[in-house]
Amino acid sequence: MGASAKVRLHGHLDRPVELTVEELRALPAHRVRVSFDCLSEGEQRHGYEGPALWDVLRTAGPRIDFTGRKQRLRFLLSVSGADGHRAVVSWAEIDPEFGGRRMLLATSMDGAPLDEAGPQLVVPDDHCGARYVSGVTAVWLGPLDEPTG
């Protein structure tokens, strides 16, 4: 078996870090069964397991003022995959005081570990699979007015 893929958490974080799939697996895991439409392959049905994106980012210490609410609305997440695919998610979507959506950085798909391929961003409520990012290599957190570089 080859080396485990790494995900770089960077941007407005107190503790930017690179995590392996094995390290992600050490966080509290959630299981979801999803179906979504894939433009190239039609309807997809899969089971995923892994930590919530919210929990992953909280381990890196987001530099966001949690005492208020409105200032959090300007923060975005940019999730990049090994194939160059990128999806943008608002902080408010995953923040429990707003949308509270449980998006995952899945460490397994249909019971198969994703250690070598890298985790997958899973957006369970999306009907279209375009925000599912395979082989996640980086998650950037920052305000809307700052370039993602």
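This is a predicted model: local features need pLDDT of at least 70, side-chain atom pairs count only at pLDDT 80 or more; totals for chains, interfaces and linings use all residues.

Biologist: Sheets to begin with, then: what is the strand order in the open sheet of five strands?

Modeller: The order is E2-E1-E11-E5-E6, and the pairing in that open sheet is mixed. Strand E2, residues 17–20, and strand E6, residues 86–90, stand at the edges with a single partner strand each, so one side of each has no neighbour in the sheet. From one strand to the next, the twist averages 20°.

Biologist: How many bridges join E5 to E6, and which way do they run?

Modeller: Strand E5, which covers residues 75–81, is joined to E6 by five bridges, and the two run antiparallel. Within that pairing, Leu77 stands opposite Val89 in E6.

Biologist: And the sheet with four strands, what order does that one have?

Modeller: That open sheet is ordered E3-E4-E8-E9, with antiparallel pairing. Its edges are E3 and strand E9 (112–113), each of which has a single partner strand, so one side of each is left without a neighbour in the sheet.

Biologist: What connects E3 to E4?

Modeller: A hairpin does, passing through three residues. Strand E3 (residues 29–38) and strand E4 (residues 42–51) run antiparallel and are joined by ten bridges, with Ser35 having Arg45 as its bridge partner in E4. On to E8: strand E8 (residues 108–109) is joined to E4 by two bridges, again running antiparallel, and there the bridge partner of Glu49 is Ser108.

Biologist: Glu49 is charged, so which residue does its side chain meet in a salt bridge?

Modeller: The side chain of Glu49 meets that of Arg31, with 3.2 Å from N to O. Arg31 sits in strand E3 and Glu49 in strand E4, so that the pair links distant parts of the chain, 18 residues apart. As for accessibility, Arg31 is exposed because its relative accessible area is 69%, whereas Glu49 counts as partly exposed because its relative accessibility is 26%.

Biologist: How many salt bridges does the count come to?

Modeller: The count comes to twelve salt bridges. One of the others is formed by the side chains of Asp145 and Arg74, at 3.2 Å from N to O. Asp145 lies in the segment after strand E11 (136–143), while Arg74 lies in the loop between helix H2 (53–59) and E5, so the pair ties together parts that are 71 residues apart in sequence.

Biologist: Which residues are linked in a network of salt bridges?

Modeller: The network links Glu93, Arg101, Asp125, Asp126 and Arg131. Arg101 is in the loop between H3 and strand E7 (104–106), and Asp125 is in the loop between strand E10 (120–122) and E11, so placed that the pair links distant parts of the chain, 24 residues apart. Asp125 counts as exposed, at 53% relative accessibility.

Biologist: What about Glu93, buried or exposed?

Modeller: Glu93 is buried, because its relative accessible area is 17% and the cut-off for buried is under 20%. Its place is in helix H3, residues 91–94.

Biologist: Which residues does Glu93 touch?

Modeller: Leaving aside residues up to four places away in sequence, Glu93 touches Gly99, Gly100, Arg101, Met103 and Arg131. There is a backbone contact as well, in which a polar atom of the Glu93 side chain lies 3.0 Å from the backbone nitrogen of Ser90.

Biologist: Changing topic: how many disulfides does the structure hold?

Modeller: The structure holds zero disulfides.

How values were computed:
Residues are numbered from 1 along each chain as its sequence is written. Side-chain values use heavy atoms; hydrogens and water are left out. A disulfide is a pair of cysteine sulfur atoms within 2.5 Å. Two strands pair if DSSP finds at least two bridges between them. Axes are lines fitted to C-alpha atoms, for helices over the stretch in contact, and angles run from 0 to 180 degrees between N-to-C directions. Buried means under 20% relative accessible area, exposed over 50%, partly exposed in between (1.4 Å probe, protein chains only). A polar contact is a pair of N or O atoms within 3.5 Å; within protein, one must be able to donate a hydrogen and the other to accept it, and residues adjacent in sequence count only if both atoms are side-chain atoms. Contact means heavy atoms within 4.5 Å. A salt bridge is a side-chain nitrogen of Lys or Arg within 4 Å of a carboxyl oxygen of Asp or Glu.
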